Amino acid sequence: MTDDMTSTDSPGLCAFILTFISYLLIVATFPFSLCLCIKVVQEYERAVIFRLGRLLKGGAKGPGIFFIVPCIDSYRKVDLRTVSFDVPPQEILSLDSVPVSVEAVIYMRVRDATAAETNVEDYSHSTRLLAATTLRNVLGTRNLAEILSERESISATMQSSLDDATDPWGVKVERVEIKDVRLPVQLQRAMAAEAEAAREARAKVIAAEGEQRASKALKEAAEVINESPAALQLRYLQTLNAISAENNSTIIFPLPIDIIKYLIPKNQEDD
């Protein structure tokens with residue numbers, strides 16, 4: 001792609017004359033001309049050089065020292081470090097007609113400095129606009145449940161789509177993250193009410209199951225006590241002990257159960 005942007009036509013006579021004059025000026029003003037000829041770029045930068053408006057062969061220069069010819073050469077520095085930016089909140093209508101506001105974060109870097117300077121006017125601004133459009137297009141094909149639960153899948157789809165679209169610009173989209181999904185207030189209240197009703201239903205089911213197990217345990221305990229009258233007396237004494245420990249001011253008069261049997265009329269026993 002870089003070779004396509006490099007012109008194969010001859011510079012022409014005027015270009016040769018200007019180049020020759022520039023070299024003469026460099027020689028005539030040596031060593032002061034070195035201040036204008038020697039340039040330095042950092043480890044994370046590359047320099048794209050244009051000579052008389054044409055892309056200089058050899059690709060981007062750097063890192064370190066490189067030379068230019070004053071008056072006929074111009075260069076632009078390109079930062080190769082990973083850059084992150086926020087995608088502004090996008091009002092999106094999901095597949096099931098639910099309006100949501102979604103924010104995302106994009107991580108990108110320049111892969112080819114020459115393509116980034118020659119194939120697009122402003123690669124950073126273009127990538128931001130493309131990211132916002134891609135976010136709307138991808139989320140428009142998902143329903144609300146998928147947007148809330150499948151963020152990783154949506155991020156991978158966006159990353160692949162952006163990477164393919166920005167490849168001719170020399171840009172590599174490394175990562176896409178869904179930052180926030182905002183729902184309408186009325187929908188939030190409806191979802192909260194639904195979740196609360198579901199929790200109450202589960203609580204009632206758990207309480208009913210607990211009562212069922214407790215009734216079975218009480219039935220088994222009653223059968224054991226019925227088989228041994230002494231066990232009932234021990235349970236009675238245990239209850240008296242618990243009452244006396246909690247309420248010290250309470251006076252309890254134990255009454256044997258056998259005496260109560262004689263006080264019950266015989267007609268009630270027959271019934």
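Tutor: A definition to start: buried means under 20% relative accessible area, exposed over 50%, and partly exposed in between (1.4 Å probe, protein chains only).
Student: And the ground rules?
Tutor: This is a predicted model, where local features need pLDDT of at least 70, side-chain atom pairs count only at pLDDT 80 or more, and totals for chains, interfaces and linings use all residues. Residues are numbered from 1 along each chain as its sequence is written, and side-chain values use heavy atoms, with hydrogens and water left out.
Student: Is Tyr-75 buried, exposed or partly exposed?
Tutor: Tyr-75 is partly exposed, at 28% relative accessible area.
Student: How many aromatic pairs are there?
Tutor: One. Rings of Phe, Tyr and Trp (its six-membered ring) pair if their centres lie within 6.5 Å; planes under 30 degrees apart count as stacked, over 60 as edge-to-face and the rest as tilted. Here Phe-66 and Tyr-75 have ring centres 5.5 Å apart and planes at 80°, so they pair edge-to-face.
Student: What about Phe-66, buried or exposed?
Tutor: Phe-66 is buried, with a relative accessible area of 5%.
Student: Which residue lies over the face of Tyr-44?
Tutor: Arg-81, at 3.8 Å from the ring centre. The test is NZ of Lys or CZ of Arg within 6 Å of the ring centre and within 35 degrees of the ring normal.
Student: Switching to helices. At what angle do H5 and H7 cross?
Tutor: Roughly 135°, with the axes of H5 (residues 123-139) and H7 (residues 151-166) coming within 10 Å. H5 is therefore oblique to H7. Angles under 35 degrees count as roughly parallel, over 145 as roughly antiparallel, 65 to 115 as roughly perpendicular and the rest as oblique. Axes are lines fitted to C-alpha atoms, for helices over the stretch in contact, and angles run from 0 to 180 degrees between N-to-C directions. Helices (H or I, at least four residues) and strands (E, at least two) are DSSP runs, numbered from the N terminus.
Student: Which residues make the contact?
Tutor: Among them are Leu-130 and Leu-135 of H5, and Ile-154 and Met-158 of H7. Contact means heavy atoms within 4.5 Å.
Student: New topic. Where is Ser-22?
Tutor: In helix H2 (residues 13-28). Ser-22 is buried at 6%. Not counting residues up to four places away in sequence, Ser-22 touches Val-69, Pro-70, Cys-71 and Ile-72.
Student: And Ser-84, where is that?
Tutor: In strand E6 (residues 83-93). Ser-84 is partly exposed, at 45%.
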